[in-house]
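Reader: Please take a close look at the charged side chains and their surroundings in the part shown here. I would like a connected account that says how each term is used.

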Amino acid sequence: MTIVCQNCASRFQVDDERVSARPGTVCPECKKKLGSSSPASEKSALSVGGSPATEGRRGERTPPQLSDAGGKEPTMSETERFVQMLAAVLGQVSGNGGASPAERPPWSQRKVLVCATEEHRQRMAGMLTQASYHVFAAVDTRQAVERMRENKLDVVLLDPQFDALEQGAAFVVREVNVLRPAQRRRLFFVLLSPTLRTMDAHGAFLNNVNAIVNLKELDELVSVLDHALRSYNDLYQDFNQALKLAAI
């Protein structure tokens, strides 16, 4: 049996028979009498090592564990894994010399849907056709919705007064809003407004569109649209390059 003196903390081995036969055993170091509670078994904390109060200095902090309670390495969350994958993709893109995304081939015309009143419809369609756009001019709400569902459009131009009796503008906006984010990013939505300023970024944000063209400035429609599309493609340049998508 291991004996620990409560006075001087000396430890020594004593036969069990001697302890039971001589209850008045004294410590050989300090000559103090050992109490009945001083014997400690081999499985006690004192027999195994130091007490928790003496194992480390005050102020020391236990280093963080790299494993969980089961001894396994902590698993990476889905968000952390996605961030690492995206960083790796962007790193590969930056290592390619910063090449610009693939340009639209000259023979690939942008498909434009014009949803405007009869007063402006033909004029806008003619201007865009001369600028090498593939133009669809919707006469009513049914044609506009069918075009949006059947054709992969690049640009949609909407006049708030389009087919007012059938609430055409509301139906066109609904078709845009139900698009999935990946589809919505590939559609350039332009509001034709009689009051808002052309290229008003704040107004475009509030109306959930990509650009605004004032109806009084339709003569500049092609140049404004080209400028807005160029800025939009520059904004998504790295994103399109990572996904290997051509500019709109």
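**Salt bridges, a helix and its sheet**

Author: With a relative accessible area of 33%, Glu146 is partly exposed, a class that lies between buried (under 20%) and exposed (over 50%), with a 1.4 Å probe and protein chains only. The model is predicted, so local features need pLDDT of at least 70 and side-chain atom pairs pLDDT 80 or more, while totals for chains, interfaces and linings use all residues. Residues are numbered from 1 along each chain as its sequence is written, and side-chain values use heavy atoms, without hydrogens or water.

The partner of Glu146 is Arg142, and their side chains meet in a salt bridge with 3.3 Å from N to O, the term meaning a side-chain nitrogen of Lys or Arg within 4 Å of a carboxyl oxygen of Asp or Glu. Five salt bridges are counted by this rule. Both Arg142 and Glu146 belong to helix H5, residues 141-150, where they are four residues apart, or about one turn of the helix; helices (H or I, at least four residues) and strands (E, at least two) are DSSP runs numbered from the N terminus.

Elsewhere, salt bridges with shared partners tie Arg149, Arg174 and Glu175 into one network.

Glu175 leads on to the buried side of helix H6, for Gly168, Ala169, Val172, Glu175 and Val176 are buried in that helix. Viewed down the axis of H6, these buried residues fall within an arc of 125°, so they line one face of the helix; the arc is that of the directions from the helix axis to the C-beta atoms. Among the elements that cover the buried residues of H6 are H5, strand S4 (111-115), strand S6 (155-158), helix H7 (181-184) and strand S7 (188-193), where contact means heavy atoms within 4.5 Å. As a whole, H6 lies across S4, S6 and S7, while H5 lies across S4, S5 and S6.

These strands belong to an open sheet of five, ordered S5-S4-S6-S7-S8, with parallel pairing; two strands pair if DSSP finds at least two bridges between them. Strand S5 (134-137) and S8 are the edge strands, each pairing on one side only. S8 pairs with S7 in the parallel sense over four bridges, and Leu191 stands opposite Ile212 in S8.

Strand S8, residues 211-214, is also the place of Asn214, which counts as buried at 9% relative accessibility. Leaving aside residues up to four places away in sequence, Asn214 touches Ser193, Pro194, Thr195, Leu196 and Thr198.

Terms used. Axes fitted to C-alpha atoms, helices over the stretch in contact; angles between N-to-C directions.
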